[in-house]
Each structure stands twice: as C-alpha cells, then as structure tokens.
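Please keep the sequence and the model in view while reading.

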Amino acid sequence: MFFVTRKMKGDLGFGAGGGGRGARGIFNIGKAQVTKVDKNAKNKIYFKDVAGCDEAKQEIMEFVHFLKNPKKYEELGAKVPKGALLVGPPGTGKTLLAKATAGESGVPFLSISGSDFMEMFVGVGPSRVRNLFQEARQCARSIIFIDEIDAIGRARGREGFSGANDERESTLDQLLVEMDGFGTTSALTPGFAGADIANVCNEAALIAARSENNRVISKLERRTVAYHESGHAVSGWFLEHAEPLLKVTIVPRATAALGFAQYVPNENLLMTKEQIFDLTCMTLGGQAAEQVLLGNMSTGAQNDLEKVTKMTYAQVAIYGFSDKVDLLSFPQREDGFEMTKPYSSKTAAIIDNEVREWVTKADERTVELITQHKDHVAQIAELLLEKEVFHQEDLVRVLGERPFKPAEMTNYDRFKLGFQAEEEQKIGGA
C-alpha cells in the first residue's frame with residue numbers, strides 16, 4: 001500500500017516522482033504537449049518527397065509563399081487564409097503534407113493531435129488550446145498543425161454535444177476564439193479555420209499573387225482610362241434618354257476591361273428612335289473624350305464600338321427606323337449561322353450606308369457635347385485618378401442635379417427612399 005500510494009502521489013504531482021508524457025502532474029495538466037519542428041531540424045521532408053496531391057500541394061504552398069514573400073501578397077491586398085482543412089480517408093497523405101509544409105516553410109512548426117485536448121478533467125481542453133497558441137506566438141511567425149482534428153472539430157450544437165459546457169464544444173470554441181477573436185495577431189497562421197465571405201473574396205488576390213498575373217497599368221494608361229470613363233459619365237448625364245451613371249472605377253477588372261462603369265438600369269420595355277440614339281451617343285462618349293481632351297484614341301473603345309455597331313444595325317435592319325430601308329425587318333438567327341442574307345446586295349449597301357450616316361451623326365453630337373463640358377470631364381477624370389472610384393453622389397457635386405427628371409419614380413429611386421425611411425426610423429427610435 002505504501003508503494004501504491006507513493007506512485008499515485010507522483011502521478012498527480014504531489015511529492016517526489018512523476019511520470020513522463022502519460023503521467024503529467026496535476027499542475028501541468030493544462031499544458032499542451034507540442035511537438036515542435038525547428039527550421040534547422042535534420043531529416044526534413046519537402047514537397048518533392050510527396051508523390052501526387054498536386055492540387056493540395058499548390059493550395060498549401062500559399063502558406064509557405066506568404067511566409068517567405070509576404071510583401072508580394074500585401075502589395076495586391078491579399079491576406080493569407082487563416083488556415084487549411086485537410087480532408088480525406090486515412091492513408092491519403094494528410095500528415096505527410098503537413099510534414100512537407102514544415103520542411104518547406106522555414107519557420108517553427110508546432111504539431112499536436114486533436115485527442116490531446118480531450119481529458120477526463122473539465123476545462124483541460126480549452127486550457128491546452130490557450131497554452132498551444134501562447135507558445136506559437138512566442139516563436140511567431142509559426143504554423144500550427146492539429147492532427148486528427150475531428151476529435152474536437154465537429155459541428156457545434158448537433159447531436160453528440162450535451163450543451164454549452166460540453167468539453168468538446170468548449171475546446172472548439174476556445175480554438176475559434178484564439179484564431180478569430182479580438183486578441184488575435186496577424187503573425188500567427190493556425191492550421192484550422194472556418195470558411196467565410198472574406199476568404200472567398202480574397203481568393204482572387206491569392207491566385208493573382210500565386211500566378212503573378214496581376215494587372216498593372218502605367219500612369220499614362222490610367223489617365224487614358226480615367227478620361228474615357230469620364231466621357232461616358234458626362235455624356236450620359238446630359239443626354240435625356242441615356243442611363244445616368246451609378247458608379248465608375250478605373251481599377252482593372254480583366255485584361256480587356258481596364259475600367260468599369262455601372263449605370264442606373266433602363267426600365268423601359270419599349271425603345272424609341274430617340275432613346276436608342278441617345279444611348280448610342282453615351283456609348284461613344286468614352287472615345288469622344290479621348291479625342292477631344294487627349295488628342296488621340298486608344299483601343300479601349302473597341303467594346304463601345306462593337307455595341308454601337310450592333311445597336312445601329314438593329315435600328316436600320318430590324319426595327320424599321322430607316323426611311324430608306326422602310327418598314328422591313330431582317331433579324332439575325334439566334335445561332336448566328338446564315339448561309340445567305342434575306343435581302344439583296346443593293347439593300348445591303350443601303351443598310352451599310354444608313355448605319356455609317358447614323359454613327360457619324362451620333363459621333364458629331366457626342367463630340368460637341370464633350371467639347372461643351374470638357375472642363376467637367378477633366379475634373380471628373382482627375383478625381384478618378386485620385387480616388388479610383390466615383391459614385392453618383394460625387395457626380396452630383398461636380399455637375400449638379402441631372403437636368404432631366406423621369407416622368408415616374410424609378411425602382412432605383414424607390415430603393416434609395418426605402419433606405420432613407422429606414423435610417424429616419426432608426427434615428428426616430430433612438
């Protein structure tokens with residue numbers, strides 16, 4: 001009995017003796033037993049040692065790239081994900097990938113098993129989580145790998161949890177608090193996180209940094225784009241039947257779209273000849289601004305010219321707005337495949353001449369409008385170069401209220417009034 005009692009005292013931390021990993025003292029039971037792989041450790045595993053798993057390796061390498069070259073990601077506004085969740089049947093290489101990440105990263109790599117958080121004592125799991133992250137922060141930047149995390153990482157509030165005080169749920173809650181709570185630090189990259197909208201939106205920046213395909217344009221091109229988009233904004237503002245600007249930006253969206261303008265949608269189901277003509281002029285506003293204020297045109301107007309061509313051909317050959325073609329309609333097949341035209345070569349020549357005359361007339365009117373408001377175009381362009389984004393409220397401050405008011409309230413106006421009513425109700429309630 002004497003030796004048995006002495007052994008129990010040692011296991012619990014009272015008096016002499018004490019066990020190893022499996023016999024932690026009562027005062028050390030809240031400490032996490034972490035396996036730390038130092039950057040200078042020998043016999044390290046690298047990604048070249050892992051066969052297959054190419055897509056998984058590419059995703060995980062983002063952590064390594066960020067740790068080695070954080071400036072490249074930060075310049076694009078990208079933030080490395082809080083963590084990655086490796087999912088798959090046993091034996092598919094999840095732990096091996098983690099070991100390769102430790103070898104490639106060149107930073108301290110802390111490894112622990114999910115079962116180490118589960119003990120018979122209440123509160124041990126959350127305590128070990130806190131201890132784990134505290135140790136990781138002392139050697140930041142570092143990576144935490146939790147093997148077999150499904151021991152604690154189950155869905156909260158489902159069967160298997162007895163309530164908010166359940167040990168598994170408390171441990172998982174503490175893990176999420178350490179990663180996403182108010183006390184987190186950007187120096188830590190833990191190995192487990194839930195997906196949210198921010199991570200989805202961040203994926204594009206990560207891909208751009210990974211493939212180094214980020215779009216960078218020169219100052220001269222940015223100036224051209226700013227004047228081009230300003231031309232659209234001003235022409236649409238002072239044309240009665242055009243769509244007024246809602247938002248414009250000169251931030252590149254793709255290789256073919258260096259700027260983007262969004263307009264209040266036209267809710268008319270029927271279009272008149274005058275309405276289509278004003279829309280044509282607004283579409284030509286970008287290249288007209290380049291021509292008047294910059295003295296030349298760029299290839300950025302290609303998409304605008306394509307739209308103008310389609311609209312004008314539709315006026316002449318489909319909608320019957322041409323006196324020379326008369327009330328005839330020659331709609332194209334939906335699949336665009338036509339062996340022969342449904343009209344003669346003489347009619348085709350008439351259609352071509354009419355289209356050229358209408359586009360020339362629209363271009364002359366647009367150039368005249370841009371010349372009349374060139375100071376406004378230049379002012380908006382300079383503000384765009386400074387702010388990169390321009391909203392309808394900013395346009396009102398520069399150009400004043402739009403001189404043309406719709407006969408009926410648009411859905412967009414109702415939308416804005418709805419927000420105003422909500423704000424007034426909140427203020428009144430407060």
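Helices α8 and α9 pack at an angle of about 155 degrees, and their axes lie 8 Å apart. Here axes are lines fitted to C-alpha atoms, for helices over the stretch in contact, with angles running from 0 to 180 degrees between N-to-C directions. The arrangement therefore makes α8 roughly antiparallel to α9; angles under 35 degrees count as roughly parallel, over 145 as roughly antiparallel, 65 to 115 as roughly perpendicular and the rest as oblique. Where the two helices meet, His232, Ser235 and Gly236 of α8 are in contact with Cys281, Met282 and Thr283 of α9, contact meaning heavy atoms within 4.5 Å. Helices (H or I, at least four residues) and strands (E, at least two) are DSSP runs, numbered from the N terminus.

This is a predicted model, in which local features need pLDDT of at least 70 and side-chain atom pairs count only at pLDDT 80 or more, whereas totals for chains, interfaces and linings use all residues. Residues are numbered from 1 along each chain as its sequence is written, and side-chain values use heavy atoms, with hydrogens and water left out.

How enclosed is helix α9 by the rest of the structure? Nine of the eleven residues of α9 (residues 273-283) are buried, so this helix is largely enclosed. Buried means under 20% relative accessible area, exposed over 50%, and partly exposed in between (1.4 Å probe, protein chains only). Among the buried residues of α9 are Gln275, Ile276, Phe277 and Asp278. Their cover includes α8 (219-237), β6 (260-263), α10 (285-294), α11 and α12.

Turning to ring pairs, a search of the whole structure finds two aromatic pairs. Rings of Phe, Tyr and Trp (its six-membered ring) pair if their centres lie within 6.5 Å; planes under 30 degrees apart count as stacked, over 60 as edge-to-face and the rest as tilted. Tyr319 and Phe321 form a tilted pair, 6.0 Å centre to centre with 45 degrees between the planes. Tyr319 is partly exposed at 47% relative accessibility, and Phe321 is partly exposed at 22%. Phe330 and Tyr343 form an edge-to-face pair, 4.7 Å centre to centre with 65 degrees between the planes. Both Phe330 and Tyr343 lie in the loop between α11 (302-317) and α12 (345-372), so the pair ties together parts that are 13 residues apart in sequence. Phe330 counts as buried at 16% relative accessibility, whereas Tyr343 is partly exposed at 22%.

Elsewhere, Lys36 is found in strand β1 (residues 35-37) and is partly exposed, with a relative accessible area of 44%. Not counting residues up to four places away in sequence, Lys36 touches Phe109, Glu135 and Cys139.

Of its 430 residues, 37% count as buried. Among contacts between residues at least 6 apart in sequence, 70% join residues at least 24 apart.
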